[in-house]
Amino acid sequence: MEVVALIGPSGSGKSHRALAVARDYAAEAIIDDGLLIQGSRILAGVSAKEQPTRVGAIRTALFSDPDHAREVQERLAAIAPRRLLVISTSREMAERITSRLQLPPPSIWVDITEVATPKEIARARQIRSQLGKHVIPAPTVEVKPRFNGPFIEPLKTFLRRRQAPPGKKKNLWVEQTTVRPTFNSLGHFYIAHNAVAQLAVYLVTAAGLANPRVQVENRNGNLVVNLEVAAPYGVYWPPLLRAAQKRVKAMITNMTALEIEAVNITVRGIKFADDRL
């Protein structure tokens with residue numbers, strides 16, 4: 001199976017363009033926000049847009065629940081598409097999705113700017129921010145049984161394809177659905193850096209390190225966690241520190257759905273058996 005990834009910031013119109021991109025690249029199925037879609041049918045999965053919170057939505061889109069991932073894996077194995085379109089906000093997210101679904105990593109990358117004009121992207125962002133509307137690239141008859149949000153309406157869209165096979169038209173009429181998820185109606189939420197720092201302190205302490213001091217940096221939307229610690233005397237440190245790094249990154253990502261770019265641990269002291277530092 002070959003994987004095509006369509007990437008772009010949240011609200012830039014990726015789902016709106018998904019069906020046209022799928023046809024341009026001959027993708028036989030689409031993974032979008034936790035759903036497996038083929039043609040005009042939702043075959044498997046749970047929509048991230050059903051979730052009551054944004055954290056829950058991100059976790060669903062990333063297939064964090066093993067049962068959710070397994071359902072989609074089994075259905076993909078049954079339909080065996082030769083090419084699959086995966087929609088995500090970044091390369092890292094696309095790679096995490098394919099990894100959790102045990103798929104090959106994307107071999108073709110399509111940026112939303114390649115298939116939508118700046119004006120179209122700006123309009124999509126405006127609709128998302130002002131009205132809280134999201135698009136699911138499937139007909140309403142397929143979406144209704146799976147979506148319990150306060151707003152749902154059919155959408156018939158005219159799209160212009162970038163290219164078309166010989167004898168086929170560039171223009172497409174596609175059926176989609178507009179929804180307003182619960183997490184949009186509840187407004188915005190923020191996870192403070194201090195909360196991330198407290199999680200990191202707890203995790204490295206549980207891993208056997210002591211006296212942690214934490215600094216959390218934001219780099220273009222991704223977090224970098226810097227820790228200074230005291231390490232135990234008489235223990236070979238590299239495996240201990242690597243395990244602590246992996247645990248901090250995995251647990252914070254799992255608990256908050258935030259993207260952790262790096263976890264840097266520096267040993268600034270030694271912890272002795274009698275608790276002297």
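Is serine 47 buried or exposed? Select serine 47 and show its surface: serine 47 is buried, with a relative accessible area of 4%. Keep in mind throughout that this is a predicted model.

**Stop 1**

Serine 47 sits in the loop between strand 4 (41-45) and helix 2. Now select Asp33, Leu35, Thr60 and Ile136; serine 47 is in contact with these residues, leaving aside its neighbours within four places in sequence.

Rolling a probe the size of a water molecule over the atoms shows where empty space is left. The count comes to one cavity of 30 Å³ or more, and about 30 Å³ of space lies in the largest cavity. To find that cavity, select Asp32, Asp33, Leu35, Ser47, Lys49, Ile136 and Pro137, which line it. Colour the lining by class: three of its residues are nonpolar, one is polar and three are charged.

**Stop 2: the whole chain**

Zoom out and show the cartoon alone. The chain has ten helices and twelve strands. Of its 277 residues, 43% are buried.

**Stop 3**

About 240 Å³ of space lies in the second largest pocket. Select Leu19, Arg23, Gln38, Gly39 and Ser40, which are the closest to its centre of the 17 residues that line the pocket. Then colour helix 1 (14-24), strand 2 (29-32), strand 3 (35-38) and strand 9 (171-180), each of which supplies at least two residues of the lining of the second largest pocket. By class, this pocket's lining has eleven nonpolar, three polar and three charged residues.

**Stop 4: the largest nonpolar core**

Select Leu6, Ile30 and Leu85. Of the 24 residues in the largest nonpolar core, these three touch the most other members. Strand 1 (2-7), helix 1, strand 3, strand 5 (83-88), helix 5 (112-115) and strand 9 each supply at least two residues of this core. Which of them gives the most to this core? Helix 1 does, with four residues.

Stay on leucine 85 and list its contacts, not counting residues up to four places away in sequence. Among the residues that leucine 85 touches are Val4, Ala5 and Leu6, together with Ala18, Val21 and Ala22. Leucine 85 also touches Ala27, Ala29, Ile30 and Ile31.

**Stop 5: helix 4 and what follows**

Which residues of helix 4 (residues 91-100) are buried? Select Met93, Ala94, Arg96, Ile97 and Thr98, the buried residues of this helix. What covers them includes strand 1, strand 2, helix 2 (54-61), strand 5, strand 6 (108-111) and helix 10.

Serine 107 is the next selection, in the loop between helix 4 and strand 6. At 45% relative accessibility, serine 107 counts as partly exposed. Serine 107 touches Glu2 and Val3, not counting residues up to four places away in sequence. Draw a line from the C-alpha atom of serine 107 to that of glutamate 2: the two atoms are separated by 6.8 Å, although the residues are 105 residues apart along the chain.

**Stop 6: alanine 192**

Select alanine 192, found in the loop between helix 8 (182-185) and helix 9 (193-206). Alanine 192 is partly exposed, with a relative accessible area of 45%. Its C-alpha atom and that of valine 216, 24 residues apart along the chain, are separated by 9.9 Å.

**Stop 7: the aromatic pair**

How many aromatic pairs does the structure hold? There is one aromatic pair. Select tyrosine 233 and phenylalanine 272, which form a tilted pair, 5.2 Å centre to centre with 35 degrees between the planes. Tyrosine 233 lies in the loop between strand 11 (222-232) and helix 10 (237-256) and phenylalanine 272 in the segment after strand 12 (260-271), so the pair ties together parts that are 39 residues apart in sequence. Show the surface to finish: tyrosine 233 is exposed, with a relative accessible area of 58%, whereas phenylalanine 272 is partly exposed at 25%.

Conventions: Residues numbered from 1 in each chain as written. Predicted model: local features only at pLDDT ≥ 70, side-chain atom pairs only at ≥ 80, totals over all residues. Heavy atoms only, no water. 1 Å grid on protein atoms, 1.4 Å probe; cavity = no way out; pocket = protein on both sides within 12 Å on 5 of 7 lines; lining within 4 Å. Points joined across faces, edges and corners; volume = space filled by probe spheres on them. Nonpolar A, V, L, I, M, F, W, Y, C, P; charged D, E, K, R; others polar. Core = buried A, V, L, I, M, F, W, Y, C linked by side-chain atoms within 4.5 Å. Buried < 20%, exposed > 50% of the residue type's maximum accessible area, 1.4 Å probe, protein only. Contact = heavy atoms within 4.5 Å. Phe/Tyr/Trp six-rings, centres within 6.5 Å; stacked < 30°, edge-to-face > 60°.
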